[in-house]
Amino acid sequence: MYRMGEAEIKEISRVIRSGNLFRIGSCLKEVDRFEREWASLVGTRYALCLSGGGTAGLICALVGLGIGPGDEVLVPGYTFMATALAVLAVGAIPVVVEIDETLTLDPEEIERKAGPNTRAVIPVHMVGRPANLSAIRTVCRKKKMKIIEDACQAVGGSYRGKRLGAWGEAGVFSFNYYKIISCGEGGAVVTDNRTVYERALVYHDGGASFRPYAGKLSVLPVAGLQLRASEIMGALLRVQRRRLDSILKALRQQKKRLEAGLKGYPGIRLAPCHDEAGDCGVVAAFQFDTEEQARRFASFPGVGGSLPIDSGKHVYTNWEPLLNQRAGPHPDLNPYFLPANQPLRRKLWPESCPRTLQILKKTVLVAINPYWTKRQLDAKIKACREAGKLV
Ligand SMILES: Cc1ncc(COP(=O)(O)O)c(C=O)c1O
């Protein structure tokens, strides 16, 4: 969350005073409006807002695509664990694959790792940086696999001028507290596909058998979860959406200035990016030849850097439910033991993606603050220059 203030308070107060907090039947239609506005911003036909966050968005996207037991889904070894857990939540098996030096899923890995049961791929636009969607789309078309974009950390970003989330069969966003825009907890799934949308809609609304819209659906109601967004969330997100482009502009400007101030300085090498203009500007990413160099740079006073290898559940070696094959609400519902999943590649080892671990050890991320004053930015540049000399 970067900006929140009086405008949000005013809107929330209006909703509370009206007494219309439940989206179904509300005369305010805050969630309905946000969904239309969000779909229009991303450039898709449908958007569904969810109280359950990006995790719920991923689950709804997978449900929407009919993915379940017997299916493998490729996920990168560097993403928040929720990406992989969502796959397990629908009874499918996540197959963890390597990233490239941009910190996003390596398209060549899709080519190498796709098997006869691989139905979908989840490229993740980590720390606001777009994955190589063009190459990923080419391989997925060839292999007849679906793409679900995880844009939870890259809300509003773009690739080749088109917003992230609009490139695959479905796109997913998180609006939790740490994201570019926020309502505390919440998320959204977008798609152009009517069936995917309807299936997600039904699933997120406990089956939706009695809802006013149920008669208009072409899919049969199935038992689902309760993931509906409230009108308070809708109102809050509508204000946050209006702030999005100015937040991105400020982040990108500060990042550009930081990088310009470091260009050509010894020891400093920026990590490659698949689309600089579409990058959200959440972090500046630097590369080093060794982990020791990376640690020296990151810990230099004033740099405030961190190594992605230290980011806990964002690294597959810390995904205990996958490593230990403990998933599902009951042992009989554990996807790893389901008969349909026995032919799949179920084993994840800490050594499964060595290149990913190497990249994460030799990269340093410096978080961008959209509110840096010129003095603060100059101090950051100076610290990075000094740190670069020690590398
Ligand atoms: C890449 C990624 N995917 C999925 C999620 C899950 O989102 P949420 O916490 O909103 O459920 C997150 C959240 O941090 C994330 O960073």
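Colleague: How many bridges join S4 to strand S5, and which way do the two run?
Modeller: In this predicted model, 2 bridges link S4 to S5 (residues 146–150), and the strands run parallel.

Colleague: Which residue stands opposite Lys 146 in S5?
Modeller: That is Ala 120.

Colleague: What about S2 and S4, how do they pair?
Modeller: S2 (residues 72–76) pairs with S4 (residues 118–121) in the parallel sense, over 3 bridges.

Colleague: What holds paired strands together in general?
Modeller: Strands of a sheet pair through backbone hydrogen bonds, and the pairing is either parallel or antiparallel.

Colleague: OK, and what is the strand order in the open sheet?
Modeller: The sheet has 7 strands in the order S1-S9-S8-S5-S4-S2-S3, and the pairing is mixed.

Colleague: Which strands stand at the edges?
Modeller: S1 (46–50) and S3 (93–97) do; each has a single partner strand, so one side of each has no neighbour in the sheet. On average, neighbouring strands are turned by 25° against each other, ignoring direction.

Colleague: Is S1 parallel or antiparallel to S9?
Modeller: Antiparallel: S1 and S9 (residues 187–191) are joined by 5 bridges. In one of them, Leu 50 has Gly 187 of S9 as its bridge partner.

Colleague: Which strands does helix H2 touch?
Modeller: H2 (residues 30–42) packs on the sheet and touches S1, S8 (170–174) and S9. The direction of H2 makes about 130° with that of S1.

Colleague: And where does H7 lie?
Modeller: H7 lies across S1, S8 and S9, and runs at about 20° to S1.

Colleague: Switching to helix pairs. At what angle do H3 and H7 cross?
Modeller: At roughly 125°, with the axes of H3 (residues 53–64) and H7 (residues 194–204) coming within 8 Å. That angle makes H3 oblique to H7. The crossing of H3 and H7 is right-handed.

Colleague: Which residues of H3 and H7 meet there?
Modeller: From H3, Ala 56, Cys 60, Ala 61, Val 63 and Gly 64; from H7, Val 196, Tyr 197, Arg 199, Ala 200, Tyr 203 and His 204. By class, this contact has 8 nonpolar, 2 polar and 1 charged residues.

Colleague: What about H3 and H4, how do their axes cross?
Modeller: The axes of H3 and H4 come within 9 Å and cross at roughly 40°. H3 and H4 are therefore oblique to each other. Their crossing is right-handed.

Colleague: Which residues of H3 and H4 meet?
Modeller: On the H3 side they are Gly 54, Thr 55, Leu 58, Ile 59 and Leu 62. On the H4 side they are Ala 82, Thr 83, Leu 85, Ala 86, Val 87 and Ala 89. The contact of H3 with H4 has 8 nonpolar and 3 polar residues, and no charged residues.

Colleague: New topic, the ligand. Which residues come nearest?
Modeller: Of the 14 residues around the ligand, Gly 53, Gly 54, Thr 55, Phe 80 and Ser 174 come nearest. The elements that give two or more residues to this shell are H3 and H4 (82–89).

Colleague: Which element gives the largest share of the shell?
Modeller: H3 does, with 3 residues.

Colleague: And how do the shell residues divide by class?
Modeller: There are 9 polar, 4 nonpolar and 1 charged in the shell around the ligand.

Methods:
Residues numbered from 1 in each chain as written. Predicted model: local features only at pLDDT ≥ 70, side-chain atom pairs only at ≥ 80, totals over all residues. Axes fitted to C-alpha atoms, helices over the stretch in contact; angles between N-to-C directions. Helix = DSSP H or I, 4+ residues; strand = E, 2+ residues; numbered from the N terminus. Parallel < 35°, antiparallel > 145°, perpendicular 65-115°, else oblique. Left-handed = near helix turned anticlockwise from the far one by under 90°. Contact = placed C-beta atoms within 7 Å. Nonpolar A, V, L, I, M, F, W, Y, C, P; charged D, E, K, R; others polar. Near = placed C-beta within 6 Å. Pairing = 2+ DSSP bridges.
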